[in-house]
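Reader: I would like to go through this model feature by feature. Please give the general idea in each case, then the example.

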Amino acid sequence: MTWHAVVAAAGQVPPETTRQAVGYPALFVLVALGALVPVIPTGALVSSAAVVACHQQPLPLGVLLVFGVAALAAFTGDVALYWLGLRGVRSRGGSRWLEALRGRATPERLAQAQAKLERHGVLVLVLSRLVPAGRVPVMLACLLARLPLRRFARGDAPACLAWAATYGLIGILGGSLFSEPWKGVALAVALALLVSAGPAVWRRLRP
């Protein structure tokens, strides 16, 4: 095949296909990084991706792809972070990842997470991803209890599925209410941020 034929074939690729080829890997990378670095609002990201999928692809294919990619990325990021933290627990000198987790969980939240872990086991991981700021204290409690990586992964898998479904549904709501994608994205982002940050703000504002 000549160079001109290659260029001509590339020019015939539909823009939607190109966006999908770039969009889903980007979504995976950002959500996985968001599990490691808390500055990325992964919930809002998943909701926005679901809105775009509602408008660009036939239902339910696009939304299911967003759901699958988001859940797998969240699981990958969680397992990677837990593995890094577990190395710190087993090391005499600890690790910066373990210290970072300690810094993101107050003693009160950690104590609550440890008590729930003792009562309910890894099932508490499911709710920890849905409760704002609940993931890190529960993960740290699992680390301090030296929960094996395999057992943590078994509990974290349904947690990531439930998390991706929740924010995906927020995106479907935003996408179904407006014919213009940007309006749906704006609503989905606002709802996702409200769900993730609202309870923490309420606790701070309470007298």
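Reader: In which helix does Thr 42 lie?

Author: The model is predicted. Thr 42 lies in helix H3, which covers residues 42-56.

Reader: Is Thr 42 buried or exposed?

Author: Buried means under 20% relative accessible area. Thr 42 has 14%, so the residue is buried.

Reader: How are H3 and H4 oriented to each other?

Author: An angle over 145 degrees between axes counts as roughly antiparallel. The axes of H3 and H4 (residues 61-90) cross at roughly 155° and come within 8 Å. The two helices are therefore roughly antiparallel, and H3 passes H4 in a right-handed crossing.

Reader: Which residues of H3 and H4 meet?

Author: From H3 there are Val 46, Ala 49, Ala 50, Ala 53 and Cys 54; from H4, Gly 62, Val 63, Val 66 and Ala 70. By class, this contact has eight nonpolar residues, one polar and no charged.

Reader: What tends to happen to nonpolar side chains in soluble globular proteins?

Author: They tend to be buried together. Here the largest nonpolar core has 23 residues, and Tyr 82, Leu 101, Met 139, Cys 142, Leu 143 and Phe 152 have the most contacts inside it. H4, H5, H6, H7 and H8 each supply at least two residues of this core, with the largest share, seven residues, coming from H8.

Reader: Where do Ala 53 and Trp 163 belong?

Author: Both are in a second, separate core of 18 residues, which also includes Ala 70 and Ala 71.

Terms used: Residues are numbered from 1 along each chain as its sequence is written. This is a predicted model: local features need pLDDT of at least 70, side-chain atom pairs count only at pLDDT 80 or more; totals for chains, interfaces and linings use all residues. Side-chain values use heavy atoms; hydrogens and water are left out. Helices (H or I, at least four residues) and strands (E, at least two) are DSSP runs, numbered from the N terminus. Buried means under 20% relative accessible area, exposed over 50%, partly exposed in between (1.4 Å probe, protein chains only). Axes are lines fitted to C-alpha atoms, for helices over the stretch in contact, and angles run from 0 to 180 degrees between N-to-C directions. Angles under 35 degrees count as roughly parallel, over 145 as roughly antiparallel, 65 to 115 as roughly perpendicular and the rest as oblique. A crossing is left-handed if the near helix is turned anticlockwise from the far one by less than a right angle, and right-handed if clockwise. Contact means heavy atoms within 4.5 Å. Ala, Val, Leu, Ile, Met, Phe, Trp, Tyr, Cys and Pro count as nonpolar, Asp, Glu, Lys and Arg as charged, and the others, Gly among them, as polar. A nonpolar core is a set of buried Ala, Val, Leu, Ile, Met, Phe, Trp, Tyr and Cys residues joined through side-chain atoms within 4.5 Å.
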